[in-house]
Structure formats: C-alpha cells, structure tokens
Amino acid sequence: MDVYWSQLLVPAFATLFVVVDPIGLVPMFLALTDGMDAKARRNTAVRATLLAGAVLLVFAVAGRAALDFLGISLPAFRIAGGILLFVLALEMLFEKRSERRARNVEEAGGEDTTSSNDEIWVFPLGIPLIAGPGAIASVILLMSTHAGSRVEQMLVIAVLAAVLIQTLGLFLLAARLKRFLSATAIRAMTRLLGMILAALAVQFVLTGLKDAGMVG
C-alpha cells in the first residue's frame with residue numbers, strides 16, 4: 001500500500017487536483033450562478049460535476065484505444081501532454097488561466113439569460129472549466145502509465161472521483177466560502193499550484209523521452 005500511496009495516489013491526486021483546480025473554480029462558479037436561488041445553484045453544481053465526470057471517465061477508459069486507433073504512440077502522447085500541462089502551468093503562474101476562464105464566463109453571460117442559466121452547467125462550467133484539455137490529457141496519461149494493472153487504473157479513477165467530489169463540495173459551499181476567498185489569496189494559491197503542475201509536466205515529458213529512447 002505504501003508503494004501505491006507514494007507512486008500512484010499522491011502523484012495522481014496532485015496532478016488532477018492542480019489541473020482541475022477546484023478552489024480556483026469557486027469564484028467562476030459564483031459569477032456564473034449569480035442571481036440563481038439556492039436550489040438552482042445546487043442543481044447546476046451537481047449537473048456540471050456529473051457531466052465533467054462522465055467526459056473524463058470516457059477518456060480514461062477509451063483514451064488509450066483512441067490513441068492506438070490514430071496511430072499515436074504513448075511516449076509521443078506523454079510528451080505532448082506534458083507540454084500542454086506545462087503551458088497550463090505557465091498560464092497559472094502568470095495569471096493567464098484566470099483571464100481565459102473569465103472570458104468563458106463572460107461569453108456564457110453574454111447569451112440570453114434564460115438559456116444561459118439552463119446551459120451553463122454544460123458550457124462553460126462542465127466543459128471546459130472542469131473537464132478541460134489539461135484534465136483530459138491528465139487522465140489519459142495517468143491511465144496509460146498504469147495500463148499494466150487494472151487495480152492501479154481503478155485507483156486512478158477513484159482519485160479522479162475524489163477530486164470531482166471535492167469540486168462539487170466546494171461548489172455547494174461556494175456562498176459560504178466567498179467571504180474567506182479573497183482575490184489575493186486565490187492568486188497566491190494559483191501560482192503555488194502552477195509551480196507544482198510545472199514540475200509534474202516536466203516529469204511527464206522526461207518519462208516520454210525516456211520511453212522513446214531519446215534519453216537514458
């Protein structure tokens with residue numbers, strides 16, 4: 001169990017938690033659901049999380065088969081996925097990720113109010129704010145890394161579920177958390193998580209290069 005903890009559970013949780021960024025999503029959720037009553041906000045949170053979970057689960061289960069069908073090797077995808085995650089980390093470090101998410105919120109808010117309230121759990125909340133390209137790449141990479149063991153893959157899915165449950169919990173508590181989450185605190189935490197994600201991304205690239213025989 002110690003091996004699972006140090007080599008699978010902790011790295012998988014760190015990767016998915018940083019990429020999904022449940023804490024950073026709380027201000028976006030509050031902005032998107034502004035004006036909703038408690039019931040509508042709760043339904044939006046549940047639907048968005050379930051949708052994101054379904055999308056990520058599909059890629060977790062079928063992502064490797066899709067790569068094989070397209071003729072993309074696992075080392076190549078690891079390198080590409082690592083680069084994608086590194087770009088995401090740079091966005092977090094230089095506060096570009098928040099700007100991009102804010103644009104998604106503005107785009108959703110620019111639509112008709114009634115339809116926007118009905119659909120924001122799909123876009124932008126479920127996709128791409130929760131189940132974005134970084135999260136999709138991460139689950140495929142993690143599942144592919146542990147392709148030799150069904151137990152390890154089930155643990156990856158369990159970690160994914162845990163991160164999504166935390167995301168849902170924060171959404172449901174968003175109104176209460178609002179007073180504790182200042183803009184300065186969120187920026188500081190985002191940069192710290194960005195540093196962690198950058199290190200994880202580099203590790204993905206190095207593993208891909210090693211598997212491709214390009215480094216020793």
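Which helix does Ile 140 lie in? Ile 140 belongs to helix α8, residues 133-145. The views below come from a predicted model.

**View 1. Overview of the protein chain.** The chain holds 11 helices and 0 strands. From the N terminus on, the elements run α-α-α-α-α-α-α-α-α-α-α. The chain has 216 residues, and 42% of them are buried. Contacts between residues at least 6 apart in sequence were sorted by separation; 82% of them join residues at least 24 apart.

**View 2. Ile 140 in helix α8.** Ile 140 sits in α8. Is Ile 140 buried or exposed? Its relative accessibility is 6%, so Ile 140 counts as buried. The cut-off for buried is under 20% relative accessible area. Ile 140 touches Phe 59, Gly 63, Leu 67 and Phe 77, leaving aside residues up to four places away in sequence. Leu 67 is 73 residues from Ile 140 along the chain, yet their C-alpha atoms are separated by 9.5 Å. Another partner of Ile 140, Phe 77, is among the buried residues of helix α4.

**View 3. Helix α4 and the residue that follows.** Helix α4 covers residues 74-93. With 20 residues, α4 reaches 28 Å from its first C-alpha to its last, close to the 28 Å expected at 1.5 Å a residue. Which residues of α4 are buried? They are Leu 74, Pro 75, Phe 77, Arg 78, Ile 79, Gly 81, Gly 82, Leu 85, Leu 88, Ala 89, Met 92 and Leu 93. Arg 78 is on this list, as are Gly 81 and Gly 82. Glu 95 follows α4 and has a positive phi, near 65°.

**View 4. Thr 15 in helix α1.** Thr 15 lies in α1, residues 2-20. Thr 15 has a relative accessible area of 1%, so this residue is buried. Where does its side chain reach? The side chain of Thr 15 reaches the backbone oxygen of Pro 11 at 2.8 Å. Residues up to four places away in sequence aside, Thr 15 touches Ser 138, Leu 200 and Phe 204.

**View 5. Asp 21 between helices α1 and α2.** Asp 21 is placed in the loop between α1 and α2. Its phi is positive, near 55°, in a residue other than glycine. Buried or exposed? Asp 21 is buried, because its relative accessible area is 4% and the cut-off is under 20%.

**View 6. Helix α2 against helix α9.** Helix α2 spans residues 22-32, and helix α9 spans residues 150-172. The two pack at an angle of about 35°, and their axes are 9 Å apart. The crossing of α2 past α9 is right-handed. Which residues make the contact? From α2 come Pro 22, Ile 23, Leu 25, Val 26 and Phe 29. From α9 come Val 163, Thr 167, Leu 170 and Phe 171. By class, the contact residues are 8 nonpolar, 1 polar and no charged.

**View 7. Helix α9 along its length.** How far apart are the end C-alpha atoms of α9? They are 33 Å apart. The 23 residues should span 33 Å at 1.5 Å a residue, so the two values agree. Buried residues of α9 are Gln 153, Val 156, Val 159, Leu 160, Val 163, Leu 164, Thr 167 and Phe 171. Among them, Val 163, Thr 167 and Phe 171 also take part in the contact with α2.

**View 8. Thr 44 in helix α3.** Thr 44 has its place in α3, residues 38-70. At 5% relative accessibility, Thr 44 counts as buried. Which residues does Thr 44 touch, not counting residues up to four places away in sequence? They are Phe 29, Thr 33, Met 36, Ile 120, Trp 121 and Leu 125. Of these, Phe 29 is also part of the contact of α2 with α9.

View 9. Helix α7 covers residues 121-130 and holds Pro 124. The peptide bond from Phe 123 to Pro 124 is cis, with omega near 5°. Ile 127 and Pro 128 are likewise joined by a cis peptide bond, and here omega is about 10°.

Methods:
Residues are numbered from 1 along each chain as its sequence is written. This is a predicted model: local features need pLDDT of at least 70, side-chain atom pairs count only at pLDDT 80 or more; totals for chains, interfaces and linings use all residues. Side-chain values use heavy atoms; hydrogens and water are left out. Axes are lines fitted to C-alpha atoms, for helices over the stretch in contact, and angles run from 0 to 180 degrees between N-to-C directions. Helices (H or I, at least four residues) and strands (E, at least two) are DSSP runs, numbered from the N terminus. A crossing is left-handed if the near helix is turned anticlockwise from the far one by less than a right angle, and right-handed if clockwise. Contact means heavy atoms within 4.5 Å. Ala, Val, Leu, Ile, Met, Phe, Trp, Tyr, Cys and Pro count as nonpolar, Asp, Glu, Lys and Arg as charged, and the others, Gly among them, as polar. The expected span of a helix is 1.5 Å times one less than its number of residues. Buried means under 20% relative accessible area, exposed over 50%, partly exposed in between (1.4 Å probe, protein chains only). A polar contact is a pair of N or O atoms within 3.5 Å; within protein, one must be able to donate a hydrogen and the other to accept it, and residues adjacent in sequence count only if both atoms are side-chain atoms.
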